[in-house]
Amino acid sequence: MSDGTMRGQVLLLLLVLSLGSALGQVSYSIPEEMPRGSLVGNMAKDFGLDVKRLKSGKARIFTPDSEENIELNNERGVLLIKNRIDREALCGQTTPCALHFQIILDNPMEFYSVTIEITDVNDNPPSFEKNEVRFKISESAASGAKFILDRAIDPDVGSNGLQTYTLEPRNNFIIKLHDQADGTKNVEMVLEKPLDREKHEQLSLVLTAVDGGEPQMTGTMQILITVLDANDNAPVFTQPVYKASIKENSPIGAVVIRVAASDADDGNNGKITYSISSTSDNARGIFEINDESGEIRLKGNIDYEKARTFQINVRASDDGGLVDSCKVMIDVTDMNDNEPDIYIMSKSNVISENAKPDTVVTMINIKDADSGENGKVHCTLNNNIPFVMKSTTNDFYSLVTDSELDREMTYEYNITVTCSDEGVPSLSSSITLTLQISDVNDNAPVFERSSYEAYIVENNTPGLSIFTVKARDADWNQNARVSYILDDSSVNGVPVSSYVSVSADSGVIHAVRSFDYEQIKDFHFRVKAQDGGSPPLSSNVTVKILIQDQNDNPPQVLYPVQTGGSVMGEMVPRSADVGYLVSKVVAVDVDSGQNAWLSYKLQKATDRALFEVGLQNGEIRTIRQVTDKDPVNQKLTVIVEDNGQPSRSATVIVNVAVADSFSEVMSEFTDFKQDKEYNDNLTFYLVLALAVVSFLFITCLVVIISVKIYRWRQSRVLYHSNLPVIPYYPPRYSDTLGGTGTLQHVYNYEVCRTTDSRKSDCKFGRAGSQNVLIMDPSSTGTMQRMQSEKNILDEPDSPLEQKPPNNDWRFTQGQRPGPSGPHMPYGTHIRWTPKSGKRATGGPEVAMGTGPWPQPPTEAEQLQALMAAANVSEATATLGPGTMGLSTRYSPQFTLQHVPDYRQNVYIPGSTATLTSNPQQQQQQATAQQAAQQALPPPQTSAQPEPPKAAQTPASKKKSTKKEKK
């Protein structure tokens, strides 16, 4: 092939590729054997696509072949080498060699075609099928004799392919090349100089095949020639070219053709041997020849799709070394042995029901390897589906929608694509695609009825379920979720929501209030059903509620009018005949229907034999003749009853006077009124007396219970009180001192108790007040309770102090002072002795005992105080230091002048106040109290409970009486 021809082909290819690019196709050219990852081209730029479009459309490469040599980088939008490409393995001798594939994108679905031409590289040297070949040539062979040689094979193409042959040495033979129709070259070895057996019996030649690549590569074959004696005639084929045809897929051993040659010589020189000298590349190993008969048989499988023609060079040689050759052209007849291949390039599994017509659902590539009519394919779809197949380019089809879709009618389609060729017999293949239709909110909810009517009995309970409205939505999932909404409206100016409510999920309508048939008999409103789609769709329905009457109203009597003060009635003359109309009871019932049907009955009468009442009209008539014996005053009780279930009734009293004149009637009614008033007054007084007696009884009962409770609580307070016992001094205490001014004898008794003494009757007191005033009138200070000091005596858990069992203390009968008991003055010194043997003195409040009395002293305590006062004059001993309480009062430093004069001063138990008649003493006491108040600490923030004041004892009463006498 000349260089001009090659350039023309290249220019034509570039023109075609440029045209394809303009039509949505891009071509690239790369050399073979490029390393993996090498750049092929920037397809995103060449197609004008954004890299984001590649990502969103999930761009990918589709190729019918399973082997993928190119990959797409979506991040950069470039094509890269995925596997090393060998042009010879991919295309063989076909030129140009190209890869064809499509770039598929989704959303929307589209594809772009890409063609990559693979250029040849001189990577293969020429090679011969045989390393050596042998010839037997007679020495008498004339110059110009031709010998066909096997040609070399170079997988490369173009300038890299086989270019020429050389033969060494060239003493007797030369090489000639002849172009064949298929573009190959036939190699002939031509005898240039006659052979001489006597000089060279054996000749060895080397045939070299040379390609045109850089660097140049070669292949060699050795030719061994045996020179024979003279042979006059060479074999001659009957025709130079034989043509035959064979069907593809013919069985092995089938006879293709038979060639024949003749030789005019006799004997061994006339015996012809057939052999295949050379074949085309695709025919190697497929055919064989019988060396004796020249019959060519099929040795391998032939496929029209791989090779459509074969060329075989057959050589006929005799034993004398003379040869002849011929060419056998074998055409392969195509058979319909390939069914169409269906490749899914891209498909959608789900499509929206609102997709427009001609929306691409699936892209399909269909190929049939057969040719002619056998390769023509047409595709069909199953019936009754809204899809069609459209051909976009050769072998490419699109499955598109043909009409509008409706998921509510068909939510899924099974689409069967069947492709058949036109061969005989026809072959077909099919594939089934499953396509689901996604829902779109295109259906509004539909109520089961166009309108609703419901009944409810009046006086219903609020919240009662009346009935249910139901709507259905043909959509799916969220689009089919129906919510019910009460439409805004009013009934008689009142919002309907105050009458009924509707459940949003179930559509149950509830009564919000209790209905009254007499006020409202029916009303209507609208309920809206709305789905959950976006945007939501809705529909309305009218609902009418009818209130059913219930017998909830008794009959109302219109006549006669019942008044409390009037006793006048109807008057019947004594001359009235039977059936005389006395009066008529007129009543109405606000209910309706049979609940308003009224009937009249005579319930009670003075004389039932005289009157009757009409059952339907309420007319009161006489049923007999009036006589003189009939009383003047006739009282009739008429009951009016409705027909409801249960029935309700009303009564009316009709006074009838049987008299001929009005004066007779008045006299009778006056006597009757007086008797009635007398009976009414008597009843009033009886009721009043009963009420007074009941009130007095209940009052007495309450007082008795209150007294009992009060005494019980007083006894409990006395026993459990925490207040100390204040000594009680007799009224004439100062008289027992003999007027000497000082105490003659003072006895100091120490009462030592153990920690278990709380189990005995001896009880000890603790001060109930916070401050203790010193009893010495001359003193101006006060003693405070030491709360702020961390005294061990104040800690309840201290081991040195045992908490007294109670705050009020008493002595046993043997310890009480008296004429027959031991002399124990009031200066008793009390000390607590724990088990450890150590003594601890109590606080000043314990000794002084200035707390309020919980109860007045008993008579026994007053007697003890009088007896102790009689023994004071005999006390001569001095009191020990530190003694508190009464011992402080009667210590040697405490003279008679410090002893309060009970003739002039009155001490109130439970109180620190002193009533005195001496002005000087009152002034001194006021001064002392003022000093005590100044010495006292400021009051606490929290209010202290005020101690209860003791009640006045009989002794104090006597003292006050004597003081008044003085």
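I began with the salt-bridge network and noted that it links R87, E88 and D120; I keep in mind that the model is predicted.

Next I turned to E32, which lies in the loop between β1 (25–31) and β2 (39–41). I found E32 to be buried yet without a salt bridge, since the nearest side chain of opposite charge, R87, is 4.7 Å away, and a salt bridge is counted only within 4 Å. The side chain of E32 does reach the backbone nitrogen of V121, at 2.9 Å. Setting aside neighbours within four places in sequence, I listed the contacts of E32, and among them are R87, E88 and D120, the residues of the network noted above.

I then looked up the salt bridges in general, and the count came to 18. In one of them R60 pairs with D106, with the closest N and O atoms 3.1 Å apart. This pair links distant parts of the chain, for R60 is in strand β3 and D106 in the loop between β6 (97–105) and β7 (110–119), 46 residues apart. I noted R60 as partly exposed at 28% relative accessibility, whereas D106 is buried at 14%.

I also checked D439 and R407, whose side chains meet in a salt bridge at 3.1 Å, N to O. D439 is in the loop between β31 (428–438) and β32 (446–447), while R407 is in the loop between β29 (396–401) and β30 (412–421). Both D439 and R407 are buried.

Last, I recorded for the whole protein that buried residues make up 39% of its 966 residues.

Methods: Residues are numbered from 1 along each chain as its sequence is written. This is a predicted model: local features need pLDDT of at least 70, side-chain atom pairs count only at pLDDT 80 or more; totals for chains, interfaces and linings use all residues. Side-chain values use heavy atoms; hydrogens and water are left out. Buried means under 20% relative accessible area, exposed over 50%, partly exposed in between (1.4 Å probe, protein chains only). Helices (H or I, at least four residues) and strands (E, at least two) are DSSP runs, numbered from the N terminus. Lys and Arg count as positive and Asp and Glu as negative; His and the chain ends are not counted. A polar contact is a pair of N or O atoms within 3.5 Å; within protein, one must be able to donate a hydrogen and the other to accept it, and residues adjacent in sequence count only if both atoms are side-chain atoms. Contact means heavy atoms within 4.5 Å.
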